[in-house]
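This report is intended for reading alongside the sequence and the three-dimensional model. Please keep both in view.

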Amino acid sequence: MATAVAASLAGATQLPALPRVSDPLSEFEYGAVQLTGGPLKRQYDRIHAAYMALDNDRLLRVYRLRAGLPAPGAPMGGWYGRDGFVPGHSLGQYISGLSRFGRATGDPACAAKVGELVAGFAATLGLHNMPFAAPNAENVWPCYILDKHLAGLMDAYKLSGIKDARDLVPRVFHGALPYIPQHGRDRIGKRNPPYDETYVLPESLFLAYEMTGDRAFYDRALAYLLDRDYFDPLAAGRDVLPGRHAYSHVIALSSAGKARLVLGDEKYLRAMQNAWALLQSTQQYATGGWGPNETFIEPHKGQLFDSLHTTADHFETPCGSYAAIKLARYLLCATGDARYGDGLERVLFNGTLAVKEPDSDGDYPYYSTYGSQVRKVFYPQKWPCCSGTLVEGVADYVRNIYFRTPGGVAVNFYAPSQLQWHEHGTPVTLAQETDYPLGGSVSLRVTCSAPVQFSMQVRVPGWVGATPSLHLNGKPVRADVRRGFAVIHHRWTNGDTLFFNLPQQFRAEPIDDLHPETVALLRGPLVYVERNPAAGGLEHAPIDSLQPSTASPGAFAARSAAQTRTYVPFYFVTGEAYTMYSQRAE
Ligand SMILES: [Zn+2]
């Protein structure tokens, strides 16, 4: 007996036990939720198709060249190319995104393509498991690329069922060890070397540790957590954001979220909450974006206002939205607080959903521009970082809508969709119909083979003001409001339908605290911009002059004797000129 205990204790020191954290919300797996209509599904389907169309030979070419293998297919060029900025950087993200699409949609072609890419990559690793495509990748960006390789291989194994991908996780890591530093380090600013971002890796390393049980992943995750320079001061309430590189320090907060779950240390939650509050109160544009020229500003100095005139690079949108949405999901789960859902929908509808659609040969959206008389453009170099986060972020749309609670489900996000799960052993389907985000009517219909008791929480967005009245099967129903969610306890029978309306009104939000007269117009969760603005317009149309346009659902028009001005959600804009920030009307 004593021997058995001693043996298990020895095992425990070898593999640290994972603390049990029981949080108010938890995420459903890919496959539990399907989008069924609306603008998110349109983008979701287009991105799914666009990444399925990527040519495997072209994607593998830089890796095959490095391995001395035949390398058919045209060079990718841009960032991805052999002499590019970060050679071969986004292969793991494309694999990851396709795995997520495949699991959520059931498209078998995704898993097949993932299998071919994983096998093609594995064939290039060689005896020393060399995971980098070119000297510029191994010398300048090894951690950045390793993070993406690990995410891709773990998703390929978990979501596409590619068994070999699991064995590649430790091989790729050990092959990368000669090139990655022993200890973590921070990256200050956008241009100062070293560029490489050790601190984005702990989340993937902890996940790899959970998958493989290999202690080396755990130890390196601890070594790379940015405690002293970032998480500790944030947890203590100090603002250490100004001057830091924006995207990488927000995605690093996902590593804080994972560290909290693995290590059981609540300082990581305080760091995430305080960082979120700082982003919201000091860094954020109306879209939920932040980081002009990829750098956090000094608050209370009018620098967001200045950025409208000094740069067009206001928000690194696919990457930044991906980081902000992941952070929001970690915070939602840890706290059950709906305000993180408010932030999530803001940056999703006005960030990821509003980007210019990629072309078929490497032209991708990167920076969004929030000034006046501007247009959406592609990044000048092909295959940038944002080509990797775009597919992952859009594939993740299905993870933002519904969350599991100890007593039922929470509806965090409104989009035509369907959730399937088991409640007390009974299979339940929840079908959501809504005209969101252009309108606010939401209907949630339960299908179940037998009556089942559970609570349904629905998020009441902060912009609504008052709690809306809820109707169950046409009759008013009482709801408790808890942390921004209205909670309905009910014994649900087949066909029960909950209905409510979230009324949307226009409002103006200032660019920063020193410039209350420079505003963006919002309605519900959406930023509205003036489409094809007349030259020389210095003021927005007055809010009370905006009337629904008969020409296009969701558009609004302000008519005067001289002209008609049109305002549309930012995500409506494709190639035409627009103005987001302008002076508040007198
Ligand atoms: Zn990017």
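Predicted model: local features only at pLDDT ≥ 70, side-chain atom pairs only at ≥ 80, totals over all residues.

Residues are numbered from 1 along each chain as its sequence is written, and side-chain values use heavy atoms, with hydrogens and water left out.

**Overall fold**

The protein comprises 17 helices and 23 strands; helices (H or I, at least four residues) and strands (E, at least two) are DSSP runs, numbered from the N terminus. Its C-alpha trace spans about 80 × 60 × 50 Å along the principal axes. Of the 586 residues, 59% count as buried, where buried means under 20% relative accessible area, exposed over 50% and partly exposed in between (1.4 Å probe, protein chains only). Among contacts (heavy atoms within 4.5 Å) between residues at least 6 apart in sequence, 70% join residues at least 24 apart.

**Strand pairings**

Two strands pair if DSSP finds at least two bridges between them. An open sheet of seven strands has the order β2-β7-β8-β9-β15-β11-β12, with antiparallel pairing. Its edges are β2 (33-35) and β12 (475-477), each of which pairs on one side only. On average, neighbouring strands of this sheet are turned by 25° against each other, direction ignored; axes are lines fitted to C-alpha atoms, for helices over the stretch in contact, and angles run from 0 to 180 degrees between N-to-C directions.

| Strand pair | Bridges | Facing residues |
|---|---|---|
| β7 (417-423) and β8 (426-434) | seven bridges | S417 and Q432 |
| β16 (506-512) and β17 (515-523) | six bridges | P510 and V519 |
| β17 and β18 (526-531) | three bridges | L521 and Y528 |
| β17 and β23 (582-583) | two bridges | T518 and Q583 |

Strands β16 and β17 form a hairpin with two residues between them. The hairpin of β17 and β18 also has two residues between its strands, and there G524 takes a positive phi near 55°.

V446 is found in strand β9 (residues 441-448) and counts as buried because its relative accessibility is 0%. Residues that V446 touches, not counting those up to four places away in sequence, include V428, L430, F454, M456 and W492. The C-alpha atoms of V446 and T497 are separated by 6.3 Å, although these residues are 51 apart along the chain.

**The zinc site**

Which residues coordinate the zinc ion? The donors are E316 (OE), C319 (SG), C385 (SG) and C386 (SG), at 2.1 to 2.3 Å. Donors are N, O and S atoms within 2.8 Å of the metal (3.2 Å for Na, K and Ca); water is not among the atoms, so sites may look incomplete. The spacing of the donor residues in sequence is E-x2-C-x65-C-C. C319 lies in helix α15 (residues 317-335) and C386 in helix α17 (residues 386-395), so this pair ties together parts that are 67 residues apart in sequence. Both C319 and C386 are buried.

The arrangement is tetrahedral because the four donor atoms subtend angles of 93 to 123° around the zinc ion; four donors count as tetrahedral if all angles lie between 85 and 135 degrees.

Note on methods. Tetrahedral: all angles 85-135°; square planar, octahedral: opposite > 155°, others 65-115°.
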